Amino acid sequence: MSLLWQARFFTTVNHLRDLPNTQVPEVAFAGRSNAGKSTAINILCNQKKLAFASKTPGRTQHINYFSIGGAHVGMHRKDETRVDEIRALLVDLPGYGYAEVPGAAKNHWNQLLGSYVQQRAQLSALVLIMDSRRPFTELDIQMLEWFAPTGKPIHCLLTKSDKLSRNEATNALRLARTVLSSYVDAQGHPFPFTAQLFSALKRIGLEEADQRILELLSLNDDTEIGPPTDAG
């Protein structure tokens, strides 16, 4: 049982000033509105409705936080989360890429996204969700450009890989790794960017993604967590 299965809704914010005053590591999930981000989060956390996909794509414009740790009964119960015992946070960023979003909302959204990924000290890494059939859209590249100067890791999940042939999947992964390796620091060293194939439907790459995210959250020494036990 993965530690990610502990994930519970913690808070939602729509302004940088409202970001939680926590000091634990955060890993943020970003991607186009139709790339399968909510589905990926839900299957990684073994929950059906933890992350919600809006019925109107592109309308979910808040940053949603999910806590790991700090709860003392089953994840579907409503006991209070003990903030001082939270060990890490998963952060669901607004999906991007739909023209239907009004201009003022889109501007606010872009500023919120850009400022968060560039300035949030607690942010340890970014999980970039891309449809394996249409990776590295203009907006995906924009997210890479925003985040790369921080020098922090990015892990790309190439979703819906079950829809590719074996040869297409191999080529998609090779392309992703080639693009990511082109991002280098001032000394010419590649940034810590990685990529993998992923399919929520076929559970392809689930274990690899789980282990990588736990590693990015500095939780990789805790491979499992069991149910609470009664003291005494």
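Here is a chat about how some labels on this predicted model were reached.

Modeller: Quick ground rules: this is a predicted model, so local features need pLDDT of at least 70, side-chain atom pairs count only at pLDDT 80 or more, and totals for chains, interfaces and linings use all residues. Residues are numbered from 1 along each chain as its sequence is written, and side-chain values use heavy atoms, with hydrogens and water left out.

Biologist: Why is cysteine 45 called buried?

Modeller: Buried means under 20% relative accessible area, exposed over 50%, and partly exposed in between, with a 1.4 Å probe and protein chains only. Cysteine 45 has a relative accessible area of 1%, so it counts as buried. Cysteine 156, at 0%, is buried as well.

Biologist: And what makes asparagine 110 partly exposed?

Modeller: Its relative accessible area is 28%, which lies between the 20% and 50% cut-offs, so partly exposed is the label. Asparagine 110 is found in helix H2.

Biologist: What makes something a helix or a strand here?

Modeller: Both are DSSP runs, numbered from the N terminus: helices are H or I with at least four residues, strands are E with at least two. The protein comes to five helices and seven strands, and along the sequence the pattern reads β-β-α-β-β-α-β-α-β-α-β-α.

Biologist: Which residues of H3 are buried, and how do you know that they sit on the same side?

Modeller: In H3 (residues 138–147), the buried ones are Asp140, Met143, Leu144, Trp146 and Phe147. They cover an arc of only 160° around the axis, which puts them on the same side of H3. That arc is taken from the directions from the helix axis to the C-beta atoms.

Biologist: Why is there a cavity on your list, rather than a pocket?

Modeller: On a 1 Å grid over the protein atoms alone, a cavity is a set of points where a 1.4 Å probe fits but cannot get out; a pocket is an open set with protein on both sides within 12 Å along at least five of seven lines.

Biologist: What lines the largest cavity?

Modeller: Lining residues have an atom within 4 Å of a point; here they are Tyr96, Asn110, Leu113, Leu139, Gln142, Met143 and Trp146. H3 gives the largest share, four residues.
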